[in-house]
Amino acid sequence: MVRRSMKPHGTVIVFREFAHSTDGEARPAVVIRKMDKTLVCFRISSKYENKSVAIKGQYYPVQDWKSAGLQMKSWIDVGATATIDLITISYKQMGNLSFADIKG
């Protein structure tokens, strides 16, 4: 398990379980806040074009996606937060959002 000093606006890869299953996948997220045993994050997605107008309204484009450690153009889903339990889920830091992306 990777345990680094994580600051807000850092991008990470975390393992997320699928709903109603123990299976899952490693997915990117941006850290909003780190507490003692949890990370509070927004999910990051590279899927945008086929989303509904309502969902697209909740997505913020990552302008400097390469410096954030992302492999392709991506969007931050600001519609809901995800809480990552650091006791049971590992994460790996990828990069950081640029000042332009933080400022929005």
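**How I read the model**

I note that this is a predicted model, in which local features need pLDDT of at least 70 and side-chain atom pairs count only at pLDDT 80 or more, while totals for chains, interfaces and linings use all residues. Residues are numbered from 1 along each chain as its sequence is written, and side-chain values use heavy atoms, with hydrogens and water left out.

**The sheet**

I traced six strands that form an open sheet in the order β4-β5-β3-β2-β1-β6, with antiparallel pairing. The edge strands are β4 (59-61) and β6 (91-96), each of which pairs on one side only. I then followed β4 to its partner, and three bridges join it to strand β5 (residues 75-85), the two running antiparallel. Within that pairing, the bridge partner of Y59 in β5 is D77.

I returned to S45, which is found in strand β3, and it counts as buried at 11% relative accessibility; buried means under 20% relative accessible area, exposed over 50%, and partly exposed in between, with a 1.4 Å probe and protein chains only. Leaving aside its neighbours within four places in sequence, S45 is in contact (heavy atoms within 4.5 Å) with Y59, S74 and W75.

I looked next at S74, which has its place in the loop between β4 and β5 and is buried, with a relative accessible area of 4%. The side chain of S74 reaches the backbone oxygen of M72 at 2.8 Å. With neighbours within four places in sequence again left aside, the residues in contact with S74 include I44, S45, Y60 and W65. I also checked S74 against H9, and the two are 65 residues apart in sequence and 15 Å apart in space, C-alpha to C-alpha.

**The aromatic rings**

I searched the whole structure for aromatic pairs and found two; rings of Phe, Tyr and Trp (its six-membered ring) pair if their centres lie within 6.5 Å, and planes under 30 degrees apart count as stacked, over 60 as edge-to-face and the rest as tilted. Y48 and Y59 form a tilted pair, at 6.2 Å centre to centre and 35° between the planes. This pair links distant parts of the chain, eleven residues apart, with Y48 in the loop between β3 (38-45) and α1 (53-56) and Y59 in strand β4.

Y48 and W75 form a stacked pair, at 4.6 Å centre to centre and 5° between the planes. Y48 lies in the loop between β3 and α1 and W75 in strand β5, so this pair ties together parts that are 27 residues apart in sequence.

**The salt bridge**

How many salt bridges does the count come to? I recorded one salt bridge, taking the term to mean a side-chain nitrogen of Lys or Arg within 4 Å of a carboxyl oxygen of Asp or Glu. R27 forms it with E25, the closest N and O atoms being 3.8 Å apart. R27 is partly exposed, with a relative accessible area of 22%, and E25 is partly exposed as well, with 34%.

Methods
Pairing = 2+ DSSP bridges. Helix = DSSP H or I, 4+ residues; strand = E, 2+ residues; numbered from the N terminus. Polar contact = N/O pair within 3.5 Å; in protein donor to acceptor, adjacent residues only side chain to side chain.
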